[in-house]
Amino acid sequence: MVNFGGWEMPLEYSGILAEHLAVRTRAGLFDVSHMGEIEIRGTGALDLVQWVSCNDASKLIEGHAHYSGLMTGHGTFVDDLLVHKISPSHYLLCVNAGNQDADFEHIVAHNRFDAKIENAGPRYAQLALQGPRAQEILARLTSAPLAAIRYYHFAFGKVSGADCIIARTGYTGEDGFELYFDPEFAEKLWEDLLAAGKTEGVIPCGLGARNTLRLEAGMCLYGHEIDDTTTPLEAGLGWICKLGKGPFLGSDVIARQKQSGIPRKLVGFEMLDKRIGRDGYSVRVAGRPDGTVTSGCPAPFLKKNIGMAYVPPESTSPGTPVEIDIRGQWAPASIVPLPFYKRPA
């Protein structure tokens, strides 16, 4: 158990390697109740979401979610988040645990619209069932039409008797579901999901595997790849930045950066020997220190040592040689395309 964003969280149950491989090949169950939930309601709900986030929520239909950034006026990240459209006047935002209160205060500070904002985290527990067998396991506990819920869509239904938002989302690179429900049902749903998936080999998974899975899938983590000094363009997240939707917090800065170019860019790298380039290590490009590792670890499924780092934009082509400073020695690595892993279609 470790402290994570003020929560007592499991780092691992049976081991990071076993948990990682279970999610890639069967299914794993995560308790992600630490994640924050913020609800925005009212006739101005969409206008507020549009102003504080960079993706275009006007394109969402009811029952649809998208990945976005909660922005500062400098075009950088307050947080990354999922935006769920429950109705034209009701949006559910899922935000990072340690940022929930600051995110809420940031949104309130920019609420110049007819919208009501609720810091709703205490009303929700959240479990994530992830992996190729997730749908058949969850189907044993619900009559909801799971096959009809497309990726990044959600539905309402009962799971093992509890009213849930059943979202086909996750941060592992695998298919799966995230369930939002009243905390009083948390232990029951946890136990029932493990029992329902016993024959498929579902196992409980902790923060360690959650991190290695998202890194293999090339997904950013707040506080590592993105923070309040990082723009979406630098982080390779230009696809969530819809400048054409109209002004939003920091859109002018992002537009200028798009015109003039970015000073650094996030890339993936693969170590060329058995050493591991970890978070915070310096990166040397063409013989000079010019970057920093944001995340790095062994990739259990790929059986390689991988990482992500910021480097100058002219040094981002796949195959570009770089070096990582590992305890005073420069270890060879190579730039590779992201994501490192993509699940089979």
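Let's start with Cys 94: at 6% relative accessibility, Cys 94 counts as buried. Buried here means under 20% relative accessible area, with a 1.4 Å probe and protein chains only. This is a predicted model, so local features need pLDDT of at least 70 and side-chain atom pairs pLDDT 80 or more, while totals for chains, interfaces and linings use all residues. Numbering runs from 1 along each chain as its sequence is written, and side-chain values use heavy atoms, without hydrogens or water.

Next, helix H2, residues 45–52. Helices are DSSP runs of H or I with at least four residues, strands are runs of E with at least two, and both are numbered from the N terminus. Six of the eight residues of H2 are buried, so the rest of the structure largely encloses this helix. The six are Ala 45, Leu 48, Val 49, Gln 50, Trp 51 and Val 52. They pack against strands E4, E5, E6, E7 and E8, and against helix H3. Contact means heavy atoms within 4.5 Å.

Now the cores. A nonpolar core is a set of buried Ala, Val, Leu, Ile, Met, Phe, Trp, Tyr and Cys residues joined through side-chain atoms within 4.5 Å. The largest has 67 residues, and Ile 40, Tyr 67, Leu 93, Ile 107 and Leu 237 have the most contacts inside it. E6 gives the largest share of this core, six residues. Apart from it lies another core of 24 residues, including Leu 138, Cys 164, Trp 190 and Val 202. Back to Ile 107. Leaving out residues up to four places away in sequence, Ile 107 touches Ile 38, Ile 40, Leu 48, Val 52, Leu 70, Leu 93 and Ile 117.

Last, a hairpin. Strands E10 (154–159) and E11 (162–167) pair in the antiparallel sense over six bridges; pairing takes at least two DSSP bridges. Ala 155 stands opposite Ile 166 in E11. Two residues lie between the strands, and Ser 160 takes a positive phi near 50°.

Terms used. Buried means under 20% relative accessible area, exposed over 50%, partly exposed in between (1.4 Å probe, protein chains only).
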